[in-house]
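Look over the sequence and the model below before reading on. The paragraphs that follow go from the whole chain to single residues.

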Amino acid sequence: MTYEDDAWTTLADRNRRSILTELAGGERTVGELTQALPITQPAVSQHLKVLKHVGLVNDRAEGTKRIYRLNEAGVAALRDQLDAFWARTMSGFEDLMKEDE
């Protein structure tokens with residue numbers, strides 16, 4: 001399994017997708033994410049650990065807190081895969097349309 005496959009598999013979990021949606025709005029602490037989501041603080045922390053492992057989230061220390069944000073490179077890699085998939089799909093559709101002419 002590749003790095004990107006791990007990221008796609010990780011996003012199969014709706015809580016992880018919700019965390020990424022929250023982080024798309026800006027940096028958040030675990031506490032802020034916990035308040036925004038219907039899961040416990042330990043669950044948020046575990047999901048963040050997984051998201052960080054696959055390269056979708058970065059964190060930094062600020063005093064005793066950890067501040068989380070999207071990892072732009074990791075998200076861009078997923079977008080690149082989607083763009084490539086979409087381009088191949090549209091190319092195939094275009095070929096089918098030409099055959100019908």
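How many helices and strands make up the secondary structure of the chain? This is a predicted model, and its chain has five helices and three strands. Read from the N terminus, the elements follow the order α-α-β-α-α-β-β-α. The chain is more spread out than a compact globule, because its radius of gyration is 18 Å, well over the 13 Å that the globule rule gives for 101 residues. The C-alpha trace spans about 65 × 25 × 25 Å along its principal axes.

Next comes the interior. Of the 101 residues in the chain, 29% are buried. The largest nonpolar core has 17 residues, and those that touch the most other members are Ile19, Val44, Leu48 and Leu56. Two or more residues of this core come from each of α2, α3 (30-36) and α4 (41-53). Apart from neighbours within four places in sequence, Ile19 is in contact with Leu33, Leu37, Val44, His47, Leu48 and Leu51.

Asn15 lies in helix α2 (residues 14-24). Asn15 counts as buried because its relative accessible area is 19%, and the cut-off for buried is under 20%. Beyond residues up to four places away in sequence, Asn15 touches Ile39 and His47. Ala73, by contrast, is in helix α5 (residues 72-100) and is exposed, with a relative accessible area of 55%. Ala73 and Val57 are 16 residues apart in sequence, and their C-alpha atoms are 9.5 Å apart in space.

Last, the surface: the accessible surface of the chain is about 6900 Å², and carbon and sulfur atoms account for 53% of that.

Technical notes:
Residues are numbered from 1 along each chain as its sequence is written. This is a predicted model: local features need pLDDT of at least 70, side-chain atom pairs count only at pLDDT 80 or more; totals for chains, interfaces and linings use all residues. Side-chain values use heavy atoms; hydrogens and water are left out. Helices (H or I, at least four residues) and strands (E, at least two) are DSSP runs, numbered from the N terminus. Buried means under 20% relative accessible area, exposed over 50%, partly exposed in between (1.4 Å probe, protein chains only). Contact means heavy atoms within 4.5 Å. A nonpolar core is a set of buried Ala, Val, Leu, Ile, Met, Phe, Trp, Tyr and Cys residues joined through side-chain atoms within 4.5 Å. The radius of gyration is taken over C-alpha atoms; the globule rule is 2.2 Å times the number of residues to the power 0.38. Accessible areas come from the Shrake-Rupley method with a 1.4 Å probe; for residues, only the protein chains shown count as cover.
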